[in-house]
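Please look over the structure shown here before reading the notes that follow. They are arranged by topic so that each point can be checked against the coordinates.

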Amino acid sequence: MSTSTTSAPPPGTKGAPPTKAPPRRGRRATRVGWRRALRRDWQLYSLAVLPLLFFLVFRYLPMLGNVIAFRRFEPGGSIFGEQWVGLRYVEMFLSDPTFWQVFRNTLWLGGLTLVFCFPIPIVLALLLNEVRRRSLKRFVQSVSYLPHFLSIVIVAGITFQMLATDGPINHVLGWFGHDPIRFIQEPEWFRTIYVGSEIWQTAGWGTILYLAALTTIDEDLYEAARIDGANRWQQIWHVTLPGIRPTMITLLILNIGTFLAVGFEKVLLLYNPLTYPKADVISTYLYRAGVESNSFSYAAAIGLFEAIIGLVLITSANQFSRRTVGTSLW
């Protein structure tokens with residue numbers, strides 16, 4: 001006589017049936033839901049058509065041209081090059097002393113721009129946030145962000161006029177008995193001129209972003225800080241700055257990603273052969289090598305190298321921010 005043994009249910013279950021996993025939606029159901037949402041909100045989705053076309057035509061399709069960094073390109077021939085040369089052009093710019101000079105100049109200009117142009121909008125936004133007179137606040141905002149709407153050509157022209165040998169700044173220096181300084185022709189002044197013009201042109205616009213972030217901070221937090229005896233500086237440090245930290249981190253990561261993409265147009269308009277030792281950057285060097293000298297494959301190799309470094313920088317900054325602060329772009 002054989003006896004069958006069955007395992008007793010765990011105490012407290014009393015033979016309850018096992019729970020079933022929730023049904024998974026199939027691909028067909030997903031497609032139906034997507035089509036229904038598209039028919040319902042097609043006006044909203046249509047707004048994304050032009051931006052997507054812009055990125056497709058001007059951002060993604062040009063990536064196919066990176067292949068000429070490894071192929072010999074001849075004007076009038078195939079757009080993808082005539083002959084495979086491997087890493088020849090990469091070895092050329094790695095052994096080119098001129099490239100490393102412009103690479104150092106790019107690091108200097110990018111670093112100075114990041115150090116000075118990133119925190120100034122934050123400081124200006126904090127100062128404007130403490131202003132109680134609306135008329136004064138609006139006036140300062142308008143004066144500070146109007147330069148953002150000026151074209152780079154106009155900004156360069158104003159810079160030339162202000163810093164000319166017979167310009168206003170040299171006139172002021174003459175009142176104090178100082179000889180005129182050739183700001184535009186002396187390489188030592190270029191970085192100061194570039195960073196100063198960047199601050200003047202971009203500080204006000206960046207302030208708008210931080211002022212918008214300041215409006216999202218709960219006023220109850222300031223009230224609680226005042227009850228605890230915090231003064232204005234302590235409120236800024238413990239309430240205001242943590243409130244705008246996500247915006248700060250996001251903009252910092254984006255700025256780090258474009259660290260090597262120093263403004264090509266402004267540098268091209270402000271520099272001259274006398275200031276090449278301090279002013280020539282990767283983008284202007286690419287312009288001269290690719291457009292003026294017709295070395296398109298060589299310029300493509302340098303541009304690909306710059307893009308890879310930018311990708312590594314923005315990815316590293318994003319990972320570092322996620323692990324240390326808890327805020328990241330993705």
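This is a predicted model: local features need pLDDT of at least 70, side-chain atom pairs count only at pLDDT 80 or more; totals for chains, interfaces and linings use all residues.

A pair of aromatic rings is described by the distance of the centres and the angle of the planes.

**Aromatic pairs and a cluster**

- The rings of Phe-54 and Phe-55 have centres 5.6 Å apart and planes at 80 degrees, and because an angle over 60 degrees counts as edge-to-face, the pair is placed in that class.
- Phe-54 counts as partly exposed, at 38% relative accessibility, and Phe-55 is likewise partly exposed, with a relative accessible area of 42%.
- For Phe-99 and Trp-100 the ring centres lie 5.1 Å apart and the planes stand at 70 degrees, so this pair is edge-to-face as well.
- Phe-99 has a relative accessible area of 0% and is therefore buried, whereas Trp-100, with a relative accessible area of 31%, is partly exposed.
- Phe-99 and Trp-100 also belong to one aromatic cluster, which they form together with Phe-93, Phe-103 and Phe-305.

**Charges over rings**

- Lys-266 is positioned over the face of Tyr-194, at 5.9 Å from the ring centre.
- Arg-288 has its charged end over the ring of Tyr-276, at 4.7 Å from the centre of that ring.

**Packing of helix 5 with helix 6**

- Two packed helices are described by the angle between their axes and the distance between the axes.
- Helix 5, which covers residues 97-117, and helix 6, which covers residues 119-129, have axes that come within 5 Å and cross at roughly 10 degrees.
- Because angles under 35 degrees count as roughly parallel, helix 5 is described as roughly parallel to helix 6.
- On the helix 5 side the contact is made by Leu-114, Val-115, Phe-116 and Cys-117, and on the helix 6 side by Pro-119, Ile-120 and Pro-121.
- Sorted by class, this contact of helix 5 with helix 6 has seven nonpolar residues, with no polar and no charged ones.

**Packing of helix 8 with helix 9**

- Helix 8 packs with helix 9, residues 168-175, at an angle of about 20 degrees, and their axes are 5 Å apart.
- Helix 8 and helix 9 are therefore roughly parallel to each other.
- The residues that make the contact are Gln-161, Met-162 and Leu-163 from helix 8, and Pro-168, Ile-169 and Asn-170 from helix 9.
- By class, the contact of helix 8 with helix 9 has four nonpolar and two polar residues, and no charged residues.

**Two single residues**

- Thr-159 has its place in helix 8, which covers residues 152-163, and at 12% relative accessibility Thr-159 counts as buried.
- If its neighbours within four places in sequence are left aside, Thr-159 is in contact with Ile-193, Ser-197 and Leu-270.
- Met-92 lies in helix 4, which covers residues 88-94, and with a relative accessible area of 35% Met-92 is partly exposed.
- Met-92 and Gly-65 are 27 residues apart along the chain, and their C-alpha atoms are separated by 19 Å.

Methods. Residues are numbered from 1 along each chain as its sequence is written. Side-chain values use heavy atoms; hydrogens and water are left out. Rings of Phe, Tyr and Trp (its six-membered ring) pair if their centres lie within 6.5 Å; planes under 30 degrees apart count as stacked, over 60 as edge-to-face and the rest as tilted. Buried means under 20% relative accessible area, exposed over 50%, partly exposed in between (1.4 Å probe, protein chains only). A charge sits over a ring if NZ of Lys or CZ of Arg is within 6 Å of the ring centre and within 35 degrees of the ring normal. Axes are lines fitted to C-alpha atoms, for helices over the stretch in contact, and angles run from 0 to 180 degrees between N-to-C directions. Helices (H or I, at least four residues) and strands (E, at least two) are DSSP runs, numbered from the N terminus. Angles under 35 degrees count as roughly parallel, over 145 as roughly antiparallel, 65 to 115 as roughly perpendicular and the rest as oblique. Contact means heavy atoms within 4.5 Å. Ala, Val, Leu, Ile, Met, Phe, Trp, Tyr, Cys and Pro count as nonpolar, Asp, Glu, Lys and Arg as charged, and the others, Gly among them, as polar.
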